[in-house]
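Open the model in your viewer and get your selection tool ready. We will go from one stop to the next, and at each one you will hear what to select and what is there.

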Amino acid sequence: KCKKLFSDPEGKKEITAKDILVPGSIPNVPGSIPNAPVVSVSGNYASSLAAYDKEIALKKGASRKVSFVVTANDAAKAITDIPAAVPAKAKIASVSGLAMAGGKVTFTVKGLKAGTTNINVKVGSKTAVVKVTVVKKANQAKTVAASKKKVSMKKGASKKLTVKITPKTKKYLCTDAITASSSKKDSAGITAITVKKGKAYVWVKGLKKGKSTITVKIGKKKIS
């Protein structure tokens with residue numbers, strides 16, 4: 001049994017899903033094309049969305065590029081969903097350069113006014129958030145410390161390296177940008193850098209047998 005969808009403009013017939021699915025079977029509807037083919041359109045929708053940086057701090061007027069990892073139902077095909085990124089408080093932070101490619105959603109956040117806001121990101125039905133704190137003055141890293149100096153892993157495996165960040169003013173988050181590099185990229189690669197609650201997490205993947213030094217730089221401070 002087909003559910004009634006709508007009536008035709010002349011009120012002569014109730015149009016049902018069955019009528020719509022059969023080519024050229026909608027009589028008395030102006031603009032319809034007799035025997036027109038039925039086109040089936042299917043999308044490759046986002047199946048998950050997560051922020052690399054759970055929270056960031058910016059000096060007023062400064063900008064930072066942030067990234068989100070997005071996966072699709074079919075990893076071999078491009079995602080058909082359209083990304084969106086909207087600040088909850090537009091007077092505190094702005095978003096520009098929104099793009100989605102290679103399994104990532106990226107955009108630039110600029111601090112406009114001291115305060116805290118969330119940047120709400122959406123790809124299809126999936127949502128994620130990055131918390132942004134804007135401060136009047138830069139709060140640089142005072143000290144950085146790694147939880148481990150050495151780690152080992154199997155080829156193809158990944159591990160998370162943790163670096164604790166102590167800013168000059170402990171009351172606020174560190175405003176320094178965070179980068180990480182591998183001395184031998186063919187042996188170990190950096191797959192992601194995430195920040196949460198005053199700690200930087202560097203994800204490293206073992207690519208082939210060998211040794212590599214991972215160097216994490218936070219502003220003017222660095223640790224290997």
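The tour below goes through the nonpolar cores and then the salt bridges of this predicted model.

Start inside. Select Phe68, Phe107, Val109 and Ile119: these have the most contacts within the largest nonpolar core, a set of 23 residues. Now colour the strands that build this core. Strand 3 (46–51), strand 4 (55–59), strand 5 (63–72), strand 8 (104–111), strand 9 (115–123) and strand 10 (126–135) each contribute at least two of its residues.

Stay with Ile119 and show its surroundings. Beyond its neighbours within four places in sequence, Ile119 is in contact with Phe107 and Val109, and also with Ala85, Val86, Pro87, Ala93, Val95, Ala128, Val129, Val130 and Val132.

Next, select Ala141, Val163, Val202 and Val204. They are among the 14 residues of a second, separate core.

Now for the charged side chains. How many salt bridges does the structure hold? There are 2.

For one of them, select Asp186 and Lys208, whose side chains meet at 3.2 Å, N to O. This pair links distant parts of the chain, 22 residues apart. Asp186 sits in the loop between strand 13 (178–182) and strand 14 (188–196), while Lys208 lies in the loop between strand 15 (199–206) and strand 16 (214–218). Asp186 is partly exposed, at 43% relative accessible area, and Lys208 is partly exposed at 43%.

Finish with Lys77 and Asp74, which form a salt bridge at 4.0 Å, N to O. Show the surface here: Lys77 is exposed, with a relative accessible area of 55%, whereas Asp74 is partly exposed, at 31%.

Conventions. Residues numbered from 1 in each chain as written. Predicted model: local features only at pLDDT ≥ 70, side-chain atom pairs only at ≥ 80, totals over all residues. Heavy atoms only, no water. Buried < 20%, exposed > 50% of the residue type's maximum accessible area, 1.4 Å probe, protein only. Helix = DSSP H or I, 4+ residues; strand = E, 2+ residues; numbered from the N terminus. Core = buried A, V, L, I, M, F, W, Y, C linked by side-chain atoms within 4.5 Å. Contact = heavy atoms within 4.5 Å.
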